Amino acid sequence: MRPNAWERETLMSLPLLSRLGLESLSAMLDLATVRTVGPRQTLFREGEPADTLYCVLGGYVRTFHLSPQGREVDLLIHEPGDLVGASVCLHGQNYCASAQATDAVKIALFPLQRVRELAAVKPDLALALADVLAGQFAGSLSTIADDRLHTAPQRVAQYLKKQCPSGARNVSFRLPYQKNLLAGQLGLAPEALSRAFSQLRRHGVSVRGRLVQVNDPEELQSV
């Protein structure tokens, strides 16, 4: 369905659309439709023809590869404002990963061919799409570096510290999604994440379900 007034305002504030000129912004808003996707519902599967560009408005979407043995390997957790399927926005015929809603997700959909046609004549849109792709690529490189340079407890400690306000102590917060998804985001097996949480107890971290307590976030620097 067409976006309502609130959804249009949300779309206009997103990283991709917020940097567009008025003509390109209006054209993209005219292309957008919005729908709600249920928990664990698939948006697209790896290898399927790419015909839609997705933007997360609320909730989280995971992208993953499926190995020949049937094992799912998480790639990214897409948060509100993120593009899903961005790798094919300028080139490519098929999705290179699968995408699935982690919970109830509100998404905006843009017909891919129309977006490509618009980007071909609107340099600001082409540049914005390229910038999004560059950001996702940089994030992937950072994840690879973390995998090679940091232990599992260090990766978890860095993630927890980022969730804490600067200079705060005795911070409590709720993980935004299930632990198995967090494990995938950090490049860990679920059992490795559990062991890392256990090792972080000595650094003032306690975890109960999805609730996390960090006594002194600065101490996580020493992990």
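Me: Hi! At what angle do helix α6 and helix α8 pack?
Reply: Helix α6 (residues 152-162) and helix α8 (residues 190-199) pack at about 75°, and their axes are 9 Å apart. The two helices are therefore roughly perpendicular to each other. On this scale, angles under 35 degrees are roughly parallel, over 145 roughly antiparallel, 65 to 115 roughly perpendicular, and the rest oblique. The axes are lines fitted to C-alpha atoms, for helices over the stretch in contact, and the angles run from 0 to 180 degrees between N-to-C directions.

Me: What sort of model is this, and how are residues numbered?
Reply: This is a predicted model, where local features need pLDDT of at least 70, side-chain atom pairs count only at pLDDT 80 or more, and totals for chains, interfaces and linings use all residues. Residues are numbered from 1 along each chain as its sequence is written, and side-chain values use heavy atoms, with hydrogens and water left out. Helices (H or I, at least four residues) and strands (E, at least two) are DSSP runs, numbered from the N terminus.

Me: Back to that pair, then. Which residues make the contact of α6 with α8?
Reply: A152, P153, V156 and L160 come from α6, and L193, A196, F197 and Q199 come from α8. Contact here means heavy atoms within 4.5 Å. Seven of the contact residues are nonpolar, one is polar and none is charged.

Me: Which residues of α6 are buried?
Reply: A152, P153, R155, V156, A157, Y159 and L160 are buried. Buried means under 20% relative accessible area, exposed means over 50%, and partly exposed is in between (1.4 Å probe, protein chains only). The cover over those α6 residues includes α5, β9, α7, α8, β10 and β11.

Me: New topic: how many residues does α5 have?
Reply: α5 has 27 residues and reaches 38 Å from its first C-alpha to its last, close to the 39 Å expected at 1.5 Å a residue. That expected span is 1.5 Å times one less than the number of residues. In α5, L125, A128, L129 and V132 are buried. The buried residues of α5 pack against α2, α3, β3, β6 and α4.

Me: You mentioned α4. At what angle does α4 cross α5?
Reply: The axes of α4 (residues 112-121) and α5 (residues 123-149) cross at roughly 115° and come within 5 Å. V115, L118, A119 and V121 of α4 meet P123, L125, A126 and L129 of α5. That contact has eight nonpolar residues, no polar and no charged.

Me: And how do the axes of α3 and α4 cross?
Reply: They cross at roughly 170° and come within 11 Å. That makes α3 roughly antiparallel to α4. S24, A27, M28 and L31 of α3 touch R114, V115 and L118 of α4. Here the residues divide into five nonpolar, one polar and one charged.

Me: L31 is in there! How far is L31 from F110 in space?
Reply: They are 5.8 Å apart, C-alpha to C-alpha, and 79 residues apart in sequence. F110 is in strand β8 (residues 105-111) and counts as buried, at 1% relative accessibility. Leaving out residues up to four places away in sequence, F110 touches L11, M28, L31, A32, D51, T52, L53, C55 and V115.

Me: What about P111, which residues are in contact with P111?
Reply: L31 and D51, leaving aside neighbours within four places in sequence. P111 is partly exposed, with a relative accessible area of 31%.

Me: How many disulfides are there?
Reply: Zero, from a search of the whole structure, where a disulfide is a pair of cysteine sulfur atoms within 2.5 Å. For C89, the nearest cysteine sulfur is that of C96, 11 Å away. C89 is buried at 1% relative accessible area, whereas C96 is partly exposed at 43%.

Me: Last one: what is the phi of R40?
Reply: R40 has a positive phi of about 65° although it is not a glycine. Most residues other than glycine have a negative phi. R40 is in the loop between β1 and β2 and counts as exposed, at 57% relative accessibility. N170 also has a positive phi, about 50°. N170 lies in the loop between α6 and β9 and is exposed at 53%.

Key. Nonpolar A, V, L, I, M, F, W, Y, C, P; charged D, E, K, R; others polar.
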